[in-house]
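Open your viewer and get ready to select some residues. This tour goes stop by stop, telling you what to pick and what to look for.

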Amino acid sequence: MFQTFKEWFWLERFWLPPTIKWSDLEDHDGLVFVKPSHLYMTIPYAFVLLVIRHFFEKFIAMPLAKAFGIKEEVRKKIIPNTILENFFKCSTRQPSQADIYGLAKKCNLTERQVERWFRSRRNQERPCRMKRFQEACWRFTFYLIMTVAGIVFLYDKPWVYDLWEVWNGYPRQPLLPSQYWYYILEMSFYWSLIFSFGSDVKRKDFLAHVIHHLAAISLMSFSWCANYIRSGTLVMIVHDVADIWLESAKMFSYAGWKQTCNALFFIFSAIFFISRLVVFPFWILYCTLILPLHYLEPFFSYIFLNLQLMVLQALHLYWCYFILKMLKRCIFMKDTHDVRSDDEDGYGEDEEEEEEEEEEEATKGKERDCLKNGLGANRHLILNGQHGR
């Protein structure tokens, strides 16, 4: 049964233009062509990237974060409470006022103590700025390396300057070593992001990130197997060039450099709009949707490729909407912290709660000092009074 499905899945009419056979893409005369088996290497390379990331975050990102003034946070330990812990894990992290009243009765605590316990418990799971900075630093470094590598790989390729060359000779286009490594490293990186979801910062859009990474891997895998390598490299460089600015903005946001963060975010927004809303539809989509019709009759993989790219363009418009909302808040409300924390990481509320808790502790500390000072003054008066008598 599996063999039957495999033979059906790799039918030439699904992947290749009419009259083209898989045998036409076999290696010959020193020319190497893409093979689906090449993609198996992305999994072990993904684990290699995870190892590299571990040492990078420990020996490069962490010292850099400390140089920016980001300290490792020491969370205050909470008093263990089985009833509250079970409610936190099994019911909700944000209990209603009625829940707080009932839990306070069960635990023989005040409602204020229950509220503070839940606030502290939520803050325990909130990732510290150090961890978020390390993750952003790793992604920034990888995107920067791949952007530079993409430019080096593509600057002398004729299809970058003449889009007709993307389809010249398709699909009998040999695989270059630079194309192989560009593709394999990009796919390995997205696999590594999926493998690290369990330990990375949990965000509100966790599911959206999973879908995005799987969609990226699916698109790259499909374009590899159907030998759309030339157009695929153009798609990757157009996307990587904007991501480096977003990750750098996050780094400076976590470091508290608001003006630098805002400047980088404006640069990211400009590059995003140009690359995703101008270059992608009027250059990439034009190349993949219109130009092939001068060479080939429409076939399945051509249609499927362009459907995926048009879905990707729809996502660009979706993300553009949220970027415009952020820019509006940056320009008119002068407030980027909420955007970065609430919208992107989903921890703005807990950060505010932690600040409130710290302020409360500071207030209590001042009250204790006032009481001590007041008591000391009273004792002094009493002593003076006794001395007078």
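Start by selecting V311, L315, Y318, Y321 and F322, which form a nonpolar patch on the surface with about 480 Å² of accessible area together. Patches here are made of residues with over 30% relative accessible area and no salt bridge; nonpolar side chains (Val, Leu, Ile, Met, Phe, Trp, Tyr) are joined within 5 Å, and like charges within 9 Å. Accessible areas come from the Shrake-Rupley method with a 1.4 Å probe, and for residues only the protein chains shown count as cover. Now pick out F322, which lies in helix α13 (residues 300–333). F322 is partly exposed, with a relative accessible area of 31%. On this scale, buried means under 20% relative accessible area, exposed means over 50%, and partly exposed is in between (1.4 Å probe, protein chains only). Helices are DSSP runs (H or I, at least four residues), strands are E runs of at least two, and both are numbered from the N terminus.

A word about what you are viewing: this is a predicted model, in which local features need pLDDT of at least 70 and side-chain atom pairs count only at pLDDT 80 or more, while totals for chains, interfaces and linings use all residues. Residues are numbered from 1 along each chain as its sequence is written, and side-chain values use heavy atoms, with hydrogens and water left out.

Next, move to T233 in helix α11 (residues 229–255). Is T233 buried or exposed? T233 is buried, with a relative accessible area of 1%. Show its neighbours too: leaving aside residues up to four places away in sequence, T233 touches L154, W159, Y182 and Y183. Contact means heavy atoms within 4.5 Å.

Stay with α11 and select E247 together with K250. These two form a salt bridge, their closest N and O atoms being 3.6 Å apart; a salt bridge is a side-chain nitrogen of Lys or Arg within 4 Å of a carboxyl oxygen of Asp or Glu. E247 and K250 are three residues apart in helix α11, about one turn of the helix, and both are buried. Within it, R139 and E247 form a salt bridge with closest N and O atoms 3.2 Å apart. R139 lies in helix α7 and E247 in helix α11, so this pair ties together parts that are 108 residues apart in sequence.

For another pair, go to E85 and K89, whose side chains meet in a salt bridge (3.5 Å, N to O). They are four residues apart in helix α4 (residues 82–90), and are therefore separated by about one helical turn. E85 is buried, with a relative accessible area of 18%, whereas K89 is exposed at 60%. The count comes to 12 salt bridges.

Now colour helix α3 (residues 42–67). Where does α3 bend? The helix bends by about 40° at E57, the bend being the angle between axes fitted to the seven residues ending there and the seven starting there. Among the buried residues of α3 are R53, F56 and E57. What covers the buried residues includes α7 (129–154) and α9 (177–195). Just after α3, find G69, which takes a positive phi of about 90°.

Finish with residues 264–293, whose end C-alpha atoms lie 40 Å apart; this span is 90% helix and 0% strand.
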